[in-house]
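Here's a quick briefing on a protein model. Have a look at the structure first, then work through the points below.

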Amino acid sequence: MKIKFLGGCNEVGRSAILVDDKIMMDYGLRPSTPPETPEGNGRVHPESVVVSHAHLDHSGMVPSLMSMGRDGTPDVYMTAVTSDLAQLLSRDTIKIGKDQGFFLFGPEDLRKMNEHTHTLGYGERVALDGYELELFNAGHIPGSASAYLRKESEDISLFYTGDIKMDATRLMECPSPEDFPAADILLIESTYYGREHRDRQELEREFIDSITETLNSGHNAIVPCFAVGRTQEVVMILHSYGLTPYVDGMGLGVFRTLKNHPSFVRNAKALNDAFGNAQFVNSKHRKKVFSEPSVIVTTAGMLNGGPVLYYLKKIHEDPKSKVLLTGYQIEGTNGERLMDEGCVEIDGEIVKVNMQVEQYDFSAHAGDSELKGIVSKFYENGTGIIFTVHGDDTEGFATWAREEYGCDAISPKVGEEFIIE
Ligand SMILES: [Zn+2]
């Protein structure tokens, strides 16, 4: 089996792993202007594409593969909710491209992707011309999957975690390592290697206390969130503490998509109740949000565009209002700049933000001990080779696995390929 890494190595973004020059596992982009694409983009011709989940760093460039197949359009395999969300997010990428002057793919590619998509449920096996594929719940966002792939002719198998979380959240039911199959090769994400998450309840309490204090003093709280997963999780948290947020941006479209796939969330009723209590805003009614002390849940999670910039522009000078970041801020994004330098770029202008800035780790990724638990489980079941991907310290994680288990653990570089027999 040949495994070639085309992105997402020692970085978070543009995940792309090519197996035997035939099967692409994820094909993502890294958000920037213009977005960064996987290595060799435009020159790869997979026969099949397996998409772990809808986040753009995993699915964002899949449509671009639709018009470049040597022998026609590749087949795409993912869960039904990932398919719907990938369509929604890709339409947005086309729109942003028009505004910012880049072109990655067009509406025709989205149509083809839809036509060539085979949706799979967790635990359903499918034959892929000499391979067997099965998806497992990855607990990261609705529809997220880890992929098990076995090459029949060599009787060799791999397990790709995708982005994974082993602890349940309000939105997601999580897997247990016992659910996973034995595999010869493990490809594991490393986002939180070396870092543990804080106790979730404690974190929620602090988050709510901080927002309540802001509202009681008559000011506003802006909560930037990713559209997929985080917006829904945060709206559920706010609802459970009796707070009614305004919700603006694509997180609402994502919620409407999830309503069609209730089995992919932990408690569809709780999600519906939370959104039933929220107030939706669109571009015509944004002003009303500041007519009272309010909490606004809005995209983009890393402040790279979206309605959040409108709200920041309006109240950036108010030192008693707050920005509560809800996740990891990738290097080079507005969110990172806000934390490091106290300013953001809006419409090409650098704006100093006097608001209070706080960060809460509502991560949908496995923490350090969960990641190590996964490695340990696979090792016990006979895994001999581990590749650590998708993180800032993939090398550290690989070193840990080598020292702990004496197995072959590799932190691959972009462009590297490995032949495993
Ligand atoms: Zn993700």
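Let's start with Val62: skipping its neighbours within four places in sequence, Val62 is in contact with Tyr27, Val49, Val51, Val76, Ala86 and Met113. Two residues are in contact if their C-beta atoms, placed from the backbone, lie within 7 Å. Keep in mind that this is a predicted model: local features need pLDDT of at least 70, side-chain atom pairs count only at pLDDT 80 or more, and totals for chains, interfaces and linings use all residues. Residues are numbered from 1 along each chain as its sequence is written.

**The core**
- Val62 turns up again in the largest nonpolar core, which has 115 residues; Ile17, Val62, Leu187, Val223 and Val235 are those with the most contacts inside it.
- Domain 1 (2-195 + 364-419) and domain 2 (200-359) both give residues to this core, so the core lies between them.
- A nonpolar core is a set of buried Ala, Val, Leu, Ile, Met, Phe, Trp, Tyr and Cys residues joined through C-beta atoms within 7 Å.
- "Buried" needs 20 or more other C-beta atoms within 10 Å of a residue's own, "exposed" means 12 or fewer, and "partly exposed" is in between, with C-beta atoms placed from the backbone.
- Buried residues make up 50% of the 421 residues in the protein.

**The two domains**
- The centres of domain 1 and domain 2, taken over C-alpha atoms, are 28 Å apart; the domain bounds come from an automatic or database domain assignment.
- Domain 1 puts 23 residues into the contact, and domain 2 puts in 22 residues.

**Helix 6**
- The protein has eleven helices and 22 strands, which are DSSP runs numbered from the N terminus (helices: H or I, at least four residues; strands: E, at least two).
- Which residues of helix 6 (residues 251-259) are buried? They are Gly251, Leu252, Val254, Phe255, Thr257 and Leu258.
- Those buried residues pack against several elements, including helix 2 (80-100), helix 5 (230-240) and helix 7 (268-277).

- Thr299 and Ala300 are joined by a cis peptide bond, with omega about 5 degrees, and Ala300 sits in the loop between strand 15 and helix 8 (308-315).
- Asn10 isn't a glycine, yet it has a positive phi of about 50 degrees; Asn10 is partly exposed, with 18 other C-beta atoms within 10 Å.
- Asp129 also has a positive phi, near 40 degrees, and counts as exposed, with 10 C-beta neighbours inside 10 Å.
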